Amino acid sequence: MSRPEQEAPPEIFYNDSEASKYTGSSRIQRIQAEMTLRALDLLSLPPSSYILDIGCGSGLSGEILSEEGHYWVGMDISPSMLQIALERDVDGDILLSDMGQGVPFRPGSFDAAISISAIQWLCNVDSSEHDPKYRLSKFFQTLFSSLKRGGRAVFQFYPANDTQRDTILHAAKVAGFTGGLVIDDPESKKNKKYYMVLVAGGSPGDINLDGVAIDNTMKQKSKKSTESRKQYIMRKKELMKRRGERVAKDSKYTGRKRRTRF
Amino acid sequence: MKLLTLNFVQCATRDCAGRQDAFPLAPQNVQLAAQETDLDPDFMANILAKIDWPGLETSLNQLGRPLTFTKEQVEQDQNLLKELHSILIETTIQEGELVCPRCSHIYHVKDGIASFLLPPHLV
């Protein structure tokens with residue numbers, strides 16, 4: 001299976017014909033719906049939430065969000081896809097925007113964010129100005145601030161390889177998100193699905209210190225205090241012997257104090 | 001673009017990102033349209049806590065449709081909630097421009113879709 005990411009930049013790849021092909025395919029519709037429902041499942045939101053759909057395309061995922069009773073704002077870089085979304089008369093609001101340029105919303109706007117098959121596009125270098133690392137960090141930083149505190153984000157994506165997957169995860173961590181990767185159907189090569197589940201600065205809760213012993217022996221005592229007088233003398237004699245000096249023989253009297261009665 | 005969304009977007013250029021004075025974007029030469037939708041009281045209650053009220057007042061003044069009620073009044077009166085619903089969700093900007101109050105960058109709105117694509121030197 002070829003990867004669309006390798007063919008052309010997203011705004012060019014999803015031209016009018018590709019966008020209508022994509023939206024019209026019942027197979028894609030079904031997969032997109034399944035993935036959106038799974039992502040919503042992972043988000044476990046109360047009804048009537050305000051959601052950001054990143055890479056909303058023609059609104060296939062947004063339709064599911066509306067059906068589930070949520071309100072959404074979508075952003076996508078492909079004008080053709082958005083045109084089809086308009087024709088399909090989706091309920092959400094749509095913006096033409098490049099996620100690598102940041103999410104243009106003020107802090108605390110959304111209850112959650114969702115993204116279906118989109119963020120792997122951020123790893124592309126489609127023009128000389130594109131730096132995937134910069135774009136990823138810009139994206140995650142602005143997304144972090146646009147979510148409310150404790151807001152969640154689920155991204156279904158298709159990483160090209162493990163490096164790409166780790167780069168994306170790392171960028172999210174650096175931006176301050178906590179969370180991780182959920183892999184559905186990990187055995188299947190075709191149906192394997194990656195969901196990155198992130199939380200924007202939720203309350204960490206108290207640190208559980210039950211049953212934790214605090215180790216005081218960490219502080220090292222000085223050599224002098226642990227060493228007895230006899231040990232000190234033996235150590236010095238050993239050293240002198242090794243240097244070739246003449247030293248008195250060791251005996252049971254070595255290091256003993258001479259009594260005054262002597 | 002719904003007026004609700006206008007209350008959440010801010011200027012995305014490098015200099016303005018994350019700055020409070022880059023909000024709200026001022027609508028210019030706009031054509032508004034109305035689209036009827038059902039009122040969802042739960043969502044309105046949720047969104048009421050999120051709306052930047054001074055920003056909304058500014059935007060509506062710029063559109064020449066000043067608000068006639070305050071946030072506290074809406075919280076108590078169901079009818080006003082319906083009016084707020086018609087302002088925020090049923091009113092959309094179809095054509096026009098959104099201007100950043102700080103850097104005067106212009107975002108165009110066409111067919112109800114605002115374009116937030118930036119030229120490379122502003123990213």
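## Domains of chain A

Domain bounds here come from an automatic or database domain assignment. The model is predicted. In chain A, that assignment gives two entries: domain 1 spans 4-219, and domain 2 spans 227-262. Their C-alpha centres lie 75 Å apart.

Start with strand S2 of chain A, residues 71-76. This strand is mostly covered, with five of its six residues buried.

S2(A) pairs with strand S1 (residues 50-54) of chain A. The two run parallel and are joined by five bridges. Across this pairing, A:Ile51 stands opposite A:Trp72. Helix H4 of chain A, residues 60-67, belongs with these strands. S1(A), H4 and S2(A) form a right-handed β-α-β unit.

S2(A) also pairs with strand S3 (residues 93-96) of chain A. Four bridges join them, again in parallel. Here A:Val73 stands opposite A:Asp93. From S2(A), the chain passes through helix H5 (residues 79-87) to reach S3(A). That β-α-β crossover is right-handed.

## Cysteines without disulfides

No disulfides turn up in any chain of the structure. A disulfide needs two cysteine sulfur atoms within 2.5 Å. The sulfur of B:Cys11 has its closest cysteine sulfur in B:Cys100, 3.6 Å away, so this pair is too far apart for a bond. B:Cys16 is in no disulfide either. Its nearest cysteine sulfur, in B:Cys103, is 3.5 Å away.

Are these two cysteines, B:Cys11 and B:Cys16, buried or exposed? B:Cys11 is buried, at 1% relative accessibility. B:Cys16 is buried too, with a relative accessible area of 0%.

Notes: Residues are numbered from 1 along each chain as its sequence is written. Chains are lettered from A and ligands numbered from 1 in the order in which they are written. This is a predicted model: local features need pLDDT of at least 70, side-chain atom pairs count only at pLDDT 80 or more; totals for chains, interfaces and linings use all residues. Side-chain values use heavy atoms; hydrogens and water are left out. Buried means under 20% relative accessible area, exposed over 50%, partly exposed in between (1.4 Å probe, protein chains only). Two strands pair if DSSP finds at least two bridges between them. A crossover is right-handed if, with the strands pointing away from the viewer, the path from the first strand over the helix to the second runs clockwise.
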